[in-house]
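Dear colleague,

Please find below the structure that I am handing over to you. My notes on it follow directly after.

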Amino acid sequence: MIPLKINGKEHAVDVDPTTPLLWVIRDYVGLTGTKFGCGIAQCGACTVHLNGSPIRSCVTPVQVAAEQEITTIEGLGDAQQGLHPLQQAWIDEQVPQCGYCQSGQIMSAAALLETNTSPSDADIDRAMAGIVCRCGTYPRIRKGIKRAAIALKTEPASGG
Amino acid sequence: MGKWSRRAFITTGIAAGGVVVFGVAIRRGDRSGIVGDLIADPGDAIFDIWLKISPDNTVTAIVPHAEMGQGVHTTLAMMLADELDADWARLEVVEAPSDKEFANYALARGYAAGDVDFPAWLIDTVDGFFFRATQAMGLQITGGSTSVRTTGQFAMRVTGAAARSALLHAAADEWQVPVEELGARDSVISHAASQRTATYASFAAAAARLRLPAKPRLKSAEQFRIMGTSPQRGDIPAKVDGSAMFGIDTRLPGMKYAAVKASPVFGGTVRSYDAASVQDLPGVRKVIDLDAAVAVVADGYWQAKRALDQLPIEFDDAGNAGWEQGDIFKQFAQDLDASASAGDEETDLETGDATAVLAAAEHVLEAEYRVPFLAHATMEPMNCTAWVHDDECELWLGTQNPLGFAKDAAEAIDFDADKVTVHNQYLGGGFGRRAFSDVAVQAARVAAEVPYPVKLVWSREEDTRHDHYRQASISRFRGGLDAAGNTLAWHNHYVNKYDPEEAPHIPYAIDNQRIVYTVSKTHVPWGFWRSVDHSLHAFFTESFIDELAVAAGRDPYEYRRELLMNQPRFLAVLDLAATKAGWGEALPENIGRGISIHRSFGTIVAEVVDVEVVDGEVSVQRVVCAVDAGFAMHPDGMAAQMESGIAYGMTAALYGEISIRRGAVAQSNFHDYPMLRIDKAPVVETHIINSGESLGGAGEPGTPPIAPALTNAIYDATGIRIRELPIRLHDLGKPNRRETDVA
Ligand code: FES
Ligand code: FES
């Protein structure tokens, strides 16, 4: 049994310790907001936070994450508990198209805003270049991040 | 609307609970060719849309379209609400079930009459429906850009207007006033003179007993209240918090997982494998032979995948293992040569006498272009969850063609088609790929062998190597100019034709045109890829017209303008893009600017690209896009589709290459089939023209012009003419300003 702490909740999973965290989150814990895109750390669809830092869960063995703080898109915020400013900005800027990449985009952007409260275009490019969007929502992702950065400055984050 | 009304029926009924239903269906015409395989049998009536008005005055529309991210539900709802003068805040659009029975005329009538319970909301399709609808109306288009122009224009608006008219007539009868004196707004009818108001719901039952007008009068653009505005899309909130359910997110009690590996060489089959060698690995349940592929079923996906990776499999290569990409292009070239000398090309278009004019022309410019195969690379890899139980098969996945998938899966496991149900989910990208049922067939076959539900997921490698590819092609041109630089003749001979027919046509006033092609088959499977044939022909034709402009010593924009003098719509779009981009201004060093224009799916798009080339590195700075789709129902959605289509086409132009090595696809994942990323994504400015012409699509027309606009810009920056995609194959480090191959 591997003890996991996901979005503040304790889980114990009976899996091979080398199983990638992605499949444990999706198939054993049942949180499907984190997506599979490539399996080789090339697309970022599987991005979650490990102790606040963005990681590629498709190449992270579950044992590495044992007893650490894991946050997935479901833990970032939702309509009931309050949206994270990025989620609200994503709605305001109408960012998603198919939506499949967006959990990874938002988790990466959230980590960026934790360390940089007014990211420039270059900062955004650096932080977000690992997350592929096949629908080409990049111009709106940029706007969404900037909008959320302003919102975060005017009122403290909620739900995150 | 003539064609429409002859093949449509509009009906009404009162269902349980006082719900009143208005229905419109289209009967499909003949089917033909490629599209025929994707649709239902001839003579099937096609379920189209239903509109229900509930006693609490809410309006629900049921549409046969999947949401792939193009915001189709929101746009369709707008069209309905506007014609109906419904309360936008209390109007909902849901997806219709893909149950084949539901597509049946008799059942539809039964439903409308209240005999049948409202089934769970699932769906029909974008492509599947679209093919039927457009064929029913005698149009000749394929692709996914048409939900708004077919369902929206011919069903949502008609239904809304018909229902509104019936409601008003019912109110006029009851209040004993002339119908012309009544007003309608926000689902409420009012009579100003007597100061009476009442909800739609209160007249719905009476309206349902009236004969609906077969050709209700639709609003003119000045009367629109909702169409042409940009309300927020209804699908977006679920896509920011992880709650949107894609096919791959399906979870069922007792579900197991399958990983699959198909013969890397197309056409190959499984010769042998050693199931015993993985049987004892943790979680492994079963190894299943699927003829062309092997599936491993296990308790977890990772267990299935690991076992599959360790499983020794031998494939027969069907004699196709000798193919190399170079051989394919060589074959194309030889077949072009052979049919040109034999004179047995197939003709697309022949006007004037291009051959004779070219023989006599002062200058003849020749060029050959080529493009590679392309994979779709939808962000969500192919997957399908299947469960065979109680003589039924249920499938969960995102599909552009649920009825076709159900039919194919049924055939594969020898079930009646009505015993297979497709539960459509959000699509993590479609782009044409999710019109092909291969993964659904695999999943159904696996599920038929086990007593539990199975989620079958392709690895990215499997997805890249077993696509239905945008075809590779070669296109040859000869252009004839007189001494003054006027273009006299256009001769184009290319290899392989798919769809749509008009993709290689040009809008330019060139009197002598000969556009022909030669078929040259390979073992690589083709499929619809965003904008289909337009994706290659726009690159070919808009590059060559640029070459002609250079050969004529003209500015590429001015040159196009002159040849478009009799095409006011094209001209307006071209001018808007050029003006907004500041065409003609002096550009900084290393910056080049290119332009292109192309019509696809009824929409004209011009794009101007600014590109910087430094030390051979290409950086796209800005794309200015002008679009005329007749009328932009949802301008922000139109802009989003242009941004998306441009990114998709730019990815292919810069990097996209699927090549064949030893009969199989050489690429496997995003490291060798790279994607556009945010650090290379340009600013995109979209400018919309509402010309009032018939509605065009939005999802695809942004894609075709980007590759030629970009390579024309690279020519402007470097003097290097790119005639083969992708751009990354070229060394742009050595500026070279020659290149006027005028003979
Ligand atoms: S799935 Fe992990 S980076 Fe692509
Ligand atoms: S929204 Fe579709 S992949 Fe990003």
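A:Gln94 lies in the loop between α4 (85–92) and α5 (102–115) of chain A; helices (H or I, at least four residues) and strands (E, at least two) are DSSP runs, numbered from the N terminus. A:Gln94 is not a glycine, yet its phi is positive, about 50°. A:Gln94 is buried, with a relative accessible area of 8% (buried means under 20% relative accessible area, exposed over 50%, partly exposed in between, with a 1.4 Å probe and protein chains only).

This is a predicted model, in which local features need pLDDT of at least 70 and side-chain atom pairs count only at pLDDT 80 or more, while totals for chains, interfaces and linings use all residues. Residues are numbered from 1 along each chain as its sequence is written, chains are lettered from A and ligands numbered from 1 in the order in which they are written, and side-chain values use heavy atoms, with hydrogens and water left out.

Further backbone features deserve mention. Most residues other than glycine have a negative phi, and most peptide bonds are trans. B:Asp186 has a positive phi near 50° and is found in the loop between β6 (182–185) and β7 (188–191) of chain B. B:Asp186 is partly exposed, its relative accessible area being 43%. The peptide bond from B:Asp499 to B:Pro500 is cis, with omega near -10°, and B:Pro500 sits in the loop between β21 (487–495) and β22 (512–518) of chain B. B:Leu725 and B:Pro726 are likewise joined by a cis peptide bond, with omega about 0°; B:Pro726 belongs to the segment after α19 (706–718) of chain B.

In chain A, strands β3 (residues 47–50) and β4 (residues 53–56) run antiparallel and are joined by four bridges (two strands pair if DSSP finds at least two bridges between them). A:Thr47 has A:Arg56 of β4(A) as its bridge partner. The two strands form a hairpin with two residues between them, and A:Asn51 in the turn has a positive phi of about 50°.

Chain B has 743 residues, of which 64% are buried, and its secondary structure comes to 19 helices and 28 strands. Of the contacts in chain B with a separation of 6 or more, 74% are between residues 24 or more positions apart, where contact means heavy atoms within 4.5 Å.

As to the interface, 59 residues of chain B are in contact with 53 residues of chain A. The area buried between the two chains is about 4500 Å², and carbon and sulfur atoms give 56% of it (buried area is the accessible area, with a 1.4 Å probe, that two parts lose on being put together, summed over both). On the side of chain B, the residues that lose the most area to chain A are B:Val240, B:Met379 and B:Ile678, together 18% of what that side buries.

Five salt bridges are counted between chain B and chain A (a side-chain nitrogen of Lys or Arg within 4 Å of a carboxyl oxygen of Asp or Glu). A:Asp16 forms a salt bridge with B:Arg306, the closest N and O atoms being 3.0 Å apart. Elements of chain B that each supply at least two residues of the side touching chain A include α9, β19 (454–457), α14 (460–465) and α18 (635–654). The largest share of that side, nine residues, comes from α18(B).

Yours sincerely
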